[in-house]
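Subject: Structure handover

Hi,

Here is the structure I promised to pass on to you. Please open it alongside this email, and I'll walk you through what turned up.

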Amino acid sequence: MSLTPEKASELKQIIQDHLIKMDIHGKIRAVLAETLRSEGDRGDRPLSEADFLTALQRRGIVEEAMKELSFANAEPQAETDALNKSPRCFSEKGITQLKTTNISPLRRYLYLQVLGGKAFLEHLQEPEPLPGQVCSTFTLYLHFRNQRFRSKPVPCACEPDLQEGFLLEVHRDGPGDASKMADATTMLSICDPVHMVLIKTDTSGDTTLISSYFLDWRSVLSTPNGKTAVSVELLGIGSECKVPTGVLNLKLEMYPPLSEILSPEVISTQQSLERQKNAEKERLFLVYAKQWWREFLEIRPSHQSKLVKIFAQDENGVNRPVCSYVRVLRAGRLLESPRQAARFVSLLAQEGAPVVGGGARQEQWCTMMAFLCRNKGDCEDHATLLCSLLLGFGLDAYVCVGTKAKNTPHTWVMTCGTDGTVTFWESLTAHRYLHQPIDPEAPPLVPQPKPTYPYRTLGCVFNHKTFLANCQPSDSVELCVFDFTDGSRWKAMSEEAVRSVCAPGSTSSLPPTPPLCAPSVHPSEASNQLELEMRYLLAEHRKDLGLVTVWDDHLSYLLSSALAAYELERCTGVSCGNEEFQDAVRRAVPDGHTFKGFPIHFLHRNARRAFATCLRSPFCEEIVCCRGDHVRLAVRVRVFAYPEMACAVWIMFACKYRSVL
């Protein structure tokens with residue numbers, strides 16, 4: 001809802017130009033003179049501001065000014081369509097704007113204002129940033145009922161200046177409810193919280209999850225004026241989930257104001273009933289899970305050591321069934337195929353949960369919102385997101401929990417085809433592997449398929465409605481038979497039990513699934529900017545070595561087709577376009593000259609980090625530091641944008657020079 005100083009200044013200038021054009025000051029002076037004369041004739045009563053405004057309205061000055069400032073070119077149909085759209089808040093280059101300015105008169109809205117933060121004690125000694133200085137920043141992300149918002153980044157401080165407003169649409173999704181404005185009773189039954197995620201971004205662009213908080217906003221339904229102020233204490237993540245990290249001051253306001261309000265007792269009773277209902281469902285599922293586990297151990301005592309993961313802790317230290325981390329997620333127009341979805345997930349960086357001190361790896365499964373906002377996570381986060389997307393594309397997908405080389409715990413995804421084929425999807429790399437089981441009963445001389453996948457053992461598989469534990473004599477992946485209907489090989493949990501705590505809307509304690517956001521990066525602009533930076537760094541590096549840099553712009557352009565082919569191969573697994581690139585290079589390199597090229601792939605757009613990494617390769621260093629006759633250098637950058645903040649960055653360095661025999 002807030003405007004940047006640049007936008008506000010631009011808007012003021014437009015209004016000022018319109019007012020000057022219609023000579024608003026002259027008209028106001030004329031009305032003022034006439035009003036003073038008429039008031040003087042009536043007596044000595046002084047002219048009040050209200051009298052003057054009434055005179056302006058009577059003469060039509062106010063109406064004329066409003067007509068002049070209105071957007072006369074707006075299409076009536078466009079306005080009607082806009083009324084039926086919910087407002088969305090998006091950010092471009094850190095500037096928060098309101099995407100849809102019209103507010104539907106048929107909908108109810110919750111206006112959530114962030115009025116700053118305090119007590120972020122880890123940043124107590126943070127110095128005040130100088131103008132133009134690059135510093136660490138806080139960004140607040142919100143998700144509410146399929147709506148996502150992002151604040152503008154503010155410098156990290158003990159009292160961060162988070163001043164932001166978000167307009168959240170509140171309505172029921174049932175049939176016939178779209179045209180009805182939600183009343184207080186209806187909104188009381190909407191138990192979806194506002195999920196708030198605070199992210200810290202350091203000077204190198206690295207992100208850290210600071211806090212993940214679920215706000216129950218319904219206290220505003222009991223305030224007489226439809227407004228209330230609340231302070232929320234944000235807690236830490238993982239092992240620090242009981243430690244406060246800071247406080248956010250919020251103001252909640254209903255728009256339009258409620259005609260009738262609810263008593264605080266009604267709201268607290270509703271919340272108490274919801275908590276009791278959730279607790280009872282979770283208790284019953286826990287009782288069932290314990291009994292199911294006892295039965296599983298009775299099959300074979302060695303099952304005690306199998307990786308059968310029934311519950312997992314999220315970033316707030318809450319134990320939840322693993323099936324609740326998977327949802328059917330449709331990406332709309334943002335992703336076009338399952339393989340493109342796998343490529344997108346692989347572009348989110350891998351990073352485990354932070355651990356204080358040494359010891360074993362700390363496992364932490366993040367909610368999908370926290371994972372997407374952080375833009376990185378562990379293998380479990382990648383696998384659950386990829387499985388959700390593949391389910392959205394109509395595939396029979398499951399998350400697999402097992403081990404890979406050196407008995408390291410790992411999580412990946414598998415899909416079962418209608419013809420019985422089983423495909424493994426590595427969510428960290430987007431690689432696909434076809435599973436061909438080995439027959440242990442076959443004679444020694446019979447050739448057996450050689451596994452190409454890196455997985456060693458498999459303990460269990462699950463998705464949003466199914467949980468199956470591997471009870472075959474061996475949990476080796478290469479010996480597994482994936483016939484889930486065979487109860488002697490796979491022990492299944494009751495789908496009804498899983499649905500009772502994992503189905504959407506089954507319990508109000510389940511975090512709602514956020515929609516994917518469109519790419520926040522403009523590919524052409526980002527590619528041009530990064531290429532200019534890489535050219536500068538390369539030229540400066542050669543200058544330090546006493547070498548002159550001469551660019552070949554035509555050769556740089558030719559490298560684009562190679563980078564496009566590399567990304568297409570990563571996305572589809574099919575290599576194409578290399579023949580045209582090789583033919584173009586042969587034509588561009590004269591006889592007697594040598595061509596060298598070095599492509600490299602990154603997940604970030606930090607030029608200095610990328611160039612330093614490139615120089616570690618002897619092949620790249622040989623190109624960058626090339627000496628000889630008629631040396632011509634080329635560099636090309638292609639940034640491929642994907643949903644959220646994910647991007648694939650391809651950089652290719654090349655040179656051509658005259659060969660000396």
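Let's start with a sheet of seven strands: it is open, its pairing is antiparallel, and its order is β19-β18-β17-β16-β20-β21-β22. The edges are taken by β19 (432-435) and β22, which have a single partner strand each, so one side of each is left without a neighbour in the sheet. On average, neighbouring strands here are turned by 35° against each other, direction ignored. Before going further, please keep in mind that this is a predicted model.

Within that sheet, β20 (residues 455-462) pairs with β21 through three bridges, in the antiparallel sense. If you want a pair to click on, C460 has A469 in β21 as its bridge partner. Helix α7 packs on this sheet, where it touches β21 and β22, and its direction makes about 160° with that of β22.

**Helix α7**

This helix covers residues 264-299, 36 residues in total. From its first C-alpha to its last it reaches 53 Å, close to the 52 Å expected at 1.5 Å a residue. Which residues of α7 are buried? They are I267, Q271, E274, N278, F285, A289, W292 and F296. A reminder that helps when reading that list: an α-helix has 3.6 residues a turn, so residues three or four places apart point the same way. The buried residues of α7 pack against β21 (467-470) and β22 (490-492) of the sheet, and also against α6 (184-188), β12 (311-313), β13 (319-321) and α11 (495-502).

Ten bridges join β23 to β25 (residues 647-658), and the two run antiparallel. One of the residues to look at is H601, whose bridge partner in β25 is W650.

Is L530 buried or exposed? Its relative accessibility is 4%, so L530 counts as buried, the cut-off for that being under 20%. Leaving aside residues up to four places away in sequence, L530 touches R605, A607, V637 and V649. L530 and V637 are 107 residues apart in sequence, yet their C-alpha atoms are 6.8 Å apart in space.

**Strand β7**

Now to an earlier part of the chain. Strand β7 (residues 163-170) has seven of its eight residues buried, so the rest of the structure largely encloses it. It pairs with β3 (residues 108-118) over eight bridges in the antiparallel sense, and Y109 stands opposite E169 in β7.

**Salt bridges**

How many salt bridges does the structure hold? There are 20. As you know, side chains of opposite charge can pair when their charged atoms come close.

- R107 and E169 form a salt bridge, with their closest N and O atoms 2.2 Å apart. R107 sits in the loop between β2 (95-98) and β3, while E169 sits in strand β7, so the pair ties together parts that are 62 residues apart in sequence. R107 is buried at 14% relative accessibility, and E169 is buried at 3%.
- E567 and R343 form another, the closest N and O atoms being 2.8 Å apart. This pair links distant parts of the chain, with E567 in helix α13 and R343 in helix α8 (residues 338-346), 224 residues apart. E567 and R343 are both buried.
- E531 forms a salt bridge with R636, at 3.6 Å between the closest N and O atoms. E531 belongs to helix α12 and R636 to strand β24, so the pair ties together parts 105 residues apart in sequence. E531 has 10% relative accessibility and counts as buried.

Best wishes

Note on methods
Residues numbered from 1 in each chain as written. Predicted model: local features only at pLDDT ≥ 70, side-chain atom pairs only at ≥ 80, totals over all residues. Heavy atoms only, no water. Pairing = 2+ DSSP bridges. Helix = DSSP H or I, 4+ residues; strand = E, 2+ residues; numbered from the N terminus. Buried < 20%, exposed > 50% of the residue type's maximum accessible area, 1.4 Å probe, protein only. Expected span 1.5 Å × (residues − 1). Contact = heavy atoms within 4.5 Å. Axes fitted to C-alpha atoms, helices over the stretch in contact; angles between N-to-C directions. Salt bridge = Lys/Arg side-chain N within 4 Å of Asp/Glu carboxyl O.
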